[in-house]
Amino acid sequence: MENARRASRAPLLYVIRNERLTPPPYLLAGERVILFDGECVLCRRLVRFLIRADRRKKIHLATVQSPAGQDLLRWAGLPTDNFSTIAYIANGEVSTRSTAFFAALAELGWPWRALLILRFFPRVIKDGIYNAVARHRYRWFGKLPTGTPPPDDGQGRRYLDRGRG
């Protein structure tokens with residue numbers, strides 16, 4: 001109780017408001033995760049790319065259909081039933097759409113980091129392209145049957161739910 005009073009006396013300039021009072025489930029401090037549509041062929045290709053490119057294994061993975069993915073979506077205040085974007089959670093912050101893609105890209109080594117130059121395009125253009133692809137992803141790339149296991153990560157340690165979902 002004393003700590004709560006002490007924190008409330010801090011000048012407003014130093015108070016950082018955080019809507020989420022609890023840390024994200026399944027993640028330890030400093031860990032990050034990408035939530036992706038496990039039925040989307042394009043998303044699976046992106047995840048296969050991340051598994052290969054993230055040599056330091058910094059990014060965890062979870063499908064939005066998995067129990068871990070559903071819990072993280074609820075924690076982030078994102079829809080759990082009609083999810084049409086990727087989400088990236090790191091340090092208690094949630095990014096979606098092109099911002100999530102660039103946040104994950106920043107964790108990779110060269111030459112992939114060179115693609116970060118694209119983040120300087122106006123957000124309306126980046127998210128417009130992202131939304132168009134997301135809206136047509138099943139038609140353009142296909143949809144997998146429900147329950148299809150996610151891409152193999154080689155060791156079974158990258159997925160928060162061991163790849164089930």
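Reply:
**The nonpolar surface patch and its surroundings**

Trp112, Leu115, Ile117, Leu118, Phe120, Phe121, Val124, Ile125 and Ile129 make a nonpolar surface patch of about 920 Å². Patches are made of residues with over 30% relative accessible area and no salt bridge; like charges are joined within 9 Å, and nonpolar side chains (Val, Leu, Ile, Met, Phe, Trp, Tyr) within 5 Å. Accessible areas come from the Shrake-Rupley method with a 1.4 Å probe, and for residues only the protein chains shown count as cover. A salt bridge is a side-chain nitrogen of Lys or Arg within 4 Å of a carboxyl oxygen of Asp or Glu.

The model is predicted: local features need pLDDT of at least 70, side-chain atom pairs count only at pLDDT 80 or more, and totals for chains, interfaces and linings use all residues. Residues are numbered from 1 along each chain as its sequence is written, and side-chain values use heavy atoms, with hydrogens and water left out.

One of the patch residues, Leu118, is placed in the loop between helix H4 (97-106) and H5. Helices (H or I, at least four residues) and strands (E, at least two) are DSSP runs, numbered from the N terminus. Leu118 counts as partly exposed because its relative accessibility is 38%; buried means under 20% relative accessible area, exposed over 50%, and partly exposed in between (1.4 Å probe, protein chains only).

Helix H5 (residues 123-141) also holds Asp127. Asp127 is buried but has no salt bridge, and the nearest side chain of opposite charge, Arg123, is 4.2 Å away. For charge, Lys and Arg count as positive and Asp and Glu as negative, while His and the chain ends are not counted. The Asp127 side chain does make a polar contact with the side chain of Ser98, at 2.6 Å. A polar contact is a pair of N or O atoms within 3.5 Å; within protein, one must be able to donate a hydrogen and the other to accept it, and residues adjacent in sequence count only if both atoms are side-chain atoms. Apart from neighbours within four places in sequence, Asp127 is in contact (heavy atoms within 4.5 Å) with Arg97 and Ser98.

Of its 165 residues, 39% count as buried. The protein chain exposes about 10500 Å², of which carbon and sulfur atoms supply 56%.
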